[in-house]
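Subject: Handing over a structure

Dear colleague,

I am passing on the structure below, together with an account of what was found in it. Please look through the sequence and the model before you read on.

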Amino acid sequence: MAEKMLKFTTTPRATPEKRPAGARTHDFHEIYKDFIDAKAAEQASRCSQCGVPFCQSHCPLHNNIPDWLRMTAEGRLEEAYALSQATNSMPEVCGRICPQDRLCEGNCVIEQSGHGTVTIGAVERYLTDKAWDMGWVKPLVPGEARGQSVGIVGAGPAGLAAAERLRELGYAVTVYDRHDRAGGLLIYGIPGFKLEKDVVERRTKRLADGGVEFRLGFEVGRDATLAELRQKHDSVLLATGVYAARDLTVPGAGSEGVVPALEYLIASNRKNLGDEVPDYDSGRLNAEGKHVVVVGGGDTAMDCVRTAIRQGAASVTCLYRRDRANMPGSARETAHAEEEGVIFEWLAAPKSITGEALKAAGVRAARMRLGPPDASGRQSPEEIEGADFELKADLVIKALGFDPEDLPKAFSAEDLAVTRWGTVKADFRTMMTSIPGVFAGGDIVRGASLVVWAIRDGRDAADAIHRYLTAHAGAALMAAE
């Protein structure tokens, strides 16, 4: 091991080659090229093989990162892939879109020592892409049939992770989703330059080939109530995510040209998938030739500004009320956006949308400063009087975050308990909701969060459902005797 590892003092940190900004802003392909085998082994060999691996403990899935890095450095690639996928249903997705700078890589011991973190995400992506190319990703093999079925509402990462695990355990699984493709935000919310869609589609195809039934274009509440799904299945998992956009509360916010981030991103992704998108073709959800202002500082805001650049916007400005250090989005994504020509107005907040005849033409914004901390400990932004400024804006995109939809009302399930924020209440030990046999996981329980947490919740929910159904089957058998 010693000759293969601990090379962080002699081998500098390197990421896969990144396409130049001038080239990548003309398409929606991923911006990083693949590691070659030798480079992946070299970068994996930088791992210090810590006695206490903080990278692993700060990964929501607790992936066994040090061991699969060592295997990669030693050329044992199929073993490395097998170990990485043992705890992660979609390692190639996490390798692309996880904010590693805030999770595994951000807690890498050699990063703390000043040598630069191991490029964990890039190696994870390399391993799984290699596995697909080499045929190491095996078909989903269902477990012995149990004669019980589970309905999953939502085909996003939580629902897909749960479906895989439950099918392996021998359950009949049906996934319901209102969209016409499986994948949730992986397909419709995240742009192709971060996650190309064939990466997701090969995963959903593997599930379908393994016997998972997908009922797409199916909206619970319209096509069936939750009660009807409960009658059809032995258990139900709610993995709907959170989709209700937070709104701007400034004068002119209802003007033509002010649009929600997710609506804008879905239109772009659909267009790139080859769909007919009238609102894109009409220009309503298309930034071409427009002065664009995106309000918000999270990863969704970064997706919007970088999409607008690729659509040929005349200018793209991100307006965020705190400073760069307090931005909730990935620092890496912010850097990519700056390289691509996005202008950032830090410590700035919209005061009104300007224009005539309720048509957006600009944004009047206030300069801000950071005042005392709020309840979360973050410094609260305060307006600086008399420091307003104007921005030209034909298209204003609201990327202020997402809230849950009213599921009890939508699903005709008034007995489904929710928190004061509208998220579904679920017992943290069992993941069961207030309705027996109905479980919940992912963003609909946590609030808007990361894909890696959704995968974790999906896997945990599948195990909780298995324990519940096994116990009930055993009780039924004893009662019959």
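A residue is called buried here when its relative accessible area is under 20%, exposed when that area is over 50%, and partly exposed in between. Please keep in mind that this is a predicted model.

With those cut-offs, I begin with two residues whose backbone stands out. Most residues other than glycine have a negative phi. Histidine 62, although it is not a glycine, has a positive phi of about 50°, and its place is in the loop between helix H3 (54–57) and helix H4 (65–73). Because its relative accessibility is 40%, histidine 62 counts as partly exposed. Methionine 431 also has a positive phi, near 65°, in a residue other than glycine, and it is placed in the loop between helix H17 (407–410) and strand S16. At 11% relative accessibility, however, methionine 431 counts as buried.

The sheets come next. Within it, strand S1 (residues 149–153) and strand S4 (residues 235–238) run parallel and are joined by four bridges, with valine 150 standing opposite serine 235 in S4.

Another open sheet, again of five strands in parallel pairing, has the order S6-S14-S7-S8-S9. S6 and strand S9 (343–345) stand at its edges with a single partner strand each, so one side of each is left without a neighbour in the sheet. Here neighbouring strands are turned by 25° against each other on average, direction ignored. Strand S8 (residues 315–319) runs parallel to S9, joined to it by three bridges, and leucine 319 has glutamate 345 as its bridge partner in S9. Two helices that pack on this sheet may be worth a look: helix H13 (residues 261–272) touches S6 and S14, and its direction makes about 80° with that of S6, while helix H15 (residues 299–310) touches S7, S8, S9 and S14, its direction making about 170° with that of S8.

Strand S14 can be followed in more detail. It pairs in the parallel sense with strand S6 (residues 258–260) over three bridges, where proline 260 has lysine 398 as its bridge partner, and with strand S7 (residues 291–295), likewise in the parallel sense, over four bridges, where valine 293 has valine 396 as its partner. In a regular strand the side chains alternate between the two faces of the sheet. In S14 (residues 395–398), Leu395 and Ile397 point one way and Val396 and Lys398 the other way, and all are buried.

Turning to the interior, nonpolar side chains in soluble globular proteins tend to be buried together. The largest nonpolar core has 72 residues, of which Ile152, Leu186 and Leu238 touch the most other members, and helix H19 (residues 451–480) gives the most to this core, with 10 residues. Apart from this core lies another, of 28 residues, among them Ala267, Val277, Ile309 and Ala313. If residues up to four places away in sequence are not counted, isoleucine 152 touches Gly159, Ala162, Ala163, Leu166, Val173, Thr174, Val175, Tyr176 and Leu237.

There is also a helix pair to note. The axes of helix H5 (residues 77–85) and helix H8 (residues 120–134) come within 9 Å and cross at roughly 110°, and H5 and H8 are therefore roughly perpendicular to each other. Leu77, Ala80 and Tyr81 in H5 meet Tyr126, Leu127, Thr128, Lys130 and Ala131 in H8, a contact that by class has six nonpolar, one polar and one charged residues.

Finally, arginine 369 is found in strand S11 (residues 359–373), and with a relative accessible area of 42% it is partly exposed. Arginine 369 and tryptophan 346 are 23 residues apart in sequence and 9.7 Å apart in space, C-alpha to C-alpha. Leaving out residues up to four places away in sequence, arginine 369 touches Leu347, Ser380, Pro381, Glu382, Glu383 and Ile384.

With kind regards

Note on methods:
Residues numbered from 1 in each chain as written. Predicted model: local features only at pLDDT ≥ 70, side-chain atom pairs only at ≥ 80, totals over all residues. Heavy atoms only, no water. Axes fitted to C-alpha atoms, helices over the stretch in contact; angles between N-to-C directions. Parallel < 35°, antiparallel > 145°, perpendicular 65-115°, else oblique. Contact = heavy atoms within 4.5 Å. Nonpolar A, V, L, I, M, F, W, Y, C, P; charged D, E, K, R; others polar. Core = buried A, V, L, I, M, F, W, Y, C linked by side-chain atoms within 4.5 Å. Buried < 20%, exposed > 50% of the residue type's maximum accessible area, 1.4 Å probe, protein only. Pairing = 2+ DSSP bridges.
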